[in-house]
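User: I'd like to learn how to read side-chain features from coordinates. Can we work through one example together?

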Amino acid sequence: MYRAWVGTWKPHRPRGPVMAQFTSPGPKYSIPGTTGYLKHDPTKKQAPAYTWGRAKPPAKEDCSPGPCYHVGSSTTRTGRHVAPGYTMCGRPKVTTEITPGPGDYSLEKSKNHIYKCAPAHSMSFRHETTDVDITPGPDAYTVPRVMGPNTAYTAASPCYSMKWRSKLGLCEEDLCKTPGPAAYRKTELDVYKTRAPKYTIGTHSKPIEDETVKPGPADYYIGKVTLTKPQAPAVSFGIRHSKYTTPLILDT
């Protein structure tokens, strides 16, 4: 479309790259500030900072709580002065101590401690006697044996014992301590030779047959011959003919 341009400038292709033609992150990155002490630019010198504090409140000369407490009229300078008051409540629980009564004392036995009395004897069980002389019995001693190899003070006769046969020094002694033929496991022939065919006795297998349901003899109707013939054979009853009757012979 033709437009009227003002002046001598007309749109044309730029001679070099223009930054406006390229996308940039824009003002995404911010340069840290140089004022204050929070997030200050680390590349710049930071000046000393001072803070402003609040003024202290004036000191109170009177530190009493004031008239916030209510003093009753019955309270005087010498203490509380009120008339006696009575209340109704339950009877308190009284703990009664168990003390001995008059029947727990025996006055008859007290006379023995005050007045002289004759000696009195009582019957009681027999006390266990104490064994003064405890000596060992005959079964407490063990008489040393006088027979056999281990005697205490007598000469022992030579003793012989039965022992199993030793293999030391015999031909059966294994000096090399090597394993015998039975120590090795028998290797199957199928490992290093062609395996021979093997036969097993199993159950009789059923032949593969057609398992579809087929019609039997009872499924057929033989009497329905009218499908292929005009009429089914019929039997009728007639008169009996004499065997002496001459049959009808027609001349042809």
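User: Is aspartate 190 buried, partly exposed or exposed?

Analyst: First, a caution: this is a predicted model. Aspartate 190 has 28% relative accessibility, so it counts as partly exposed.

User: How many salt bridges does the structure hold?

Analyst: The general idea is a distance test: a side-chain nitrogen of Lys or Arg within 4 Å of a carboxyl oxygen of Asp or Glu. The structure holds two. Arginine 195 pairs with aspartate 190, with the closest N and O atoms 3.7 Å apart. Lysine 198 also meets aspartate 190, at 3.8 Å from N to O. Shared partners join Asp190, Arg195 and Lys198 into one network.

User: Why do arginine 195 and lysine 198 count as exposed?

Analyst: The cut-off for exposed is over 50%. Arginine 195 is at 58% relative accessibility, so it counts as exposed. Lysine 198 has a relative accessible area of 63%, so it is exposed too.

User: Which ring does the charged end of lysine 163 sit over?

Analyst: Here both distance and direction from the ring are tested. The charged end of lysine 163 sits over the ring of tryptophan 164, 5.4 Å from its centre. As for aromatic pairs, a search of the whole structure finds zero.

User: Where is threonine 151, and what does it touch?

Analyst: Threonine 151 lies in the loop between helix H1 (111-114) and helix H2 (189-192). Its side chain reaches the backbone oxygen of threonine 154 at 2.6 Å. Leaving aside residues up to four places away in sequence, threonine 151 touches Arg145, Val146 and Ala156.

Methods:
Residues are numbered from 1 along each chain as its sequence is written. This is a predicted model: local features need pLDDT of at least 70, side-chain atom pairs count only at pLDDT 80 or more; totals for chains, interfaces and linings use all residues. Side-chain values use heavy atoms; hydrogens and water are left out. Rings of Phe, Tyr and Trp (its six-membered ring) pair if their centres lie within 6.5 Å; planes under 30 degrees apart count as stacked, over 60 as edge-to-face and the rest as tilted. A charge sits over a ring if NZ of Lys or CZ of Arg is within 6 Å of the ring centre and within 35 degrees of the ring normal. Helices (H or I, at least four residues) and strands (E, at least two) are DSSP runs, numbered from the N terminus. A polar contact is a pair of N or O atoms within 3.5 Å; within protein, one must be able to donate a hydrogen and the other to accept it, and residues adjacent in sequence count only if both atoms are side-chain atoms. Contact means heavy atoms within 4.5 Å. Buried means under 20% relative accessible area, exposed over 50%, partly exposed in between (1.4 Å probe, protein chains only).
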